[in-house]
Amino acid sequence: MTDRNALRSKLLASPAYRKTAVDLDGDTVYIREPSVGESRDLAAKCKTKGGELDQLEYALRAVLVLTCDADGRRVFDDADYDALAAQPVVGSIVGKLTGAFAELIGGSADLGKD
């Protein structure tokens, strides 16, 4: 029989998050998958008044929080939100990063399209 504490420690050990490399004009950054808690927090910040999830806002906030360097350190600070929000939807760094994020989590990159 497996020792409960050893099993629990093994299962709760720091997980390895998947990430994908994105080339931004010769610089490589990464976008990583969110944790369950991060995904919940992102979704909570991205609700419309009707309670629906605002997909574009979710993607933007995911880029803000989940873009990292090779060592896993965040590239963008929360203060960068407005600068990222001012980017075009298609062909910008935000567009490239949201596309990579969608592929990583198995979603759609058709942002801004209903």
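Predicted model: local features only at pLDDT ≥ 70, side-chain atom pairs only at ≥ 80, totals over all residues.
Me: How many aromatic pairs does the structure hold?
Reply: One. Tyr58 and Phe101 make up that pair.

Me: What's the geometry of Tyr58 and Phe101?
Reply: Tilted. The centres are 6.4 Å apart, and the planes are at 35° to each other.

Me: Why does the pair tie together parts that are apart in sequence?
Reply: Tyr58 belongs to helix α3 (residues 55-66) and Phe101 to helix α5 (residues 93-105), so the contact links parts 43 residues apart in sequence.

Me: Are Tyr58 and Phe101 buried or exposed?
Reply: Both are buried.

Me: Switching to charges. Which ring does the charged end of Lys19 sit over?
Reply: The ring of Tyr30. The distance to its centre is 4.8 Å.

Me: And Arg32, which face does that lie over?
Reply: The face of Tyr17. Arg32 is 5.3 Å from the ring centre.

Me: Now the sheet. What's the strand order?
Reply: β1-β2-β3, in an open sheet of three strands with antiparallel pairing. The edge strands are β1 (19-24) and β3 (67-68), each pairing on one side only.

Me: How many bridges do β1 and β2 pair over?
Reply: Six, in the antiparallel sense. Strand β2 covers residues 27-32.

Me: Which residue is the bridge partner of Asp23 in β2?
Reply: Thr28.

Me: What does α5 touch when it packs on the sheet?
Reply: β1, β2 and β3. The direction of α5 makes about 160° with that of β1. Helix α5 also holds Phe101, one of the two rings in the tilted pair.

How values were computed:
Residues numbered from 1 in each chain as written. Heavy atoms only, no water. Phe/Tyr/Trp six-rings, centres within 6.5 Å; stacked < 30°, edge-to-face > 60°. Helix = DSSP H or I, 4+ residues; strand = E, 2+ residues; numbered from the N terminus. Buried < 20%, exposed > 50% of the residue type's maximum accessible area, 1.4 Å probe, protein only. Lys NZ or Arg CZ within 6 Å of the ring centre and 35° of its normal. Pairing = 2+ DSSP bridges. Contact = heavy atoms within 4.5 Å. Axes fitted to C-alpha atoms, helices over the stretch in contact; angles between N-to-C directions.
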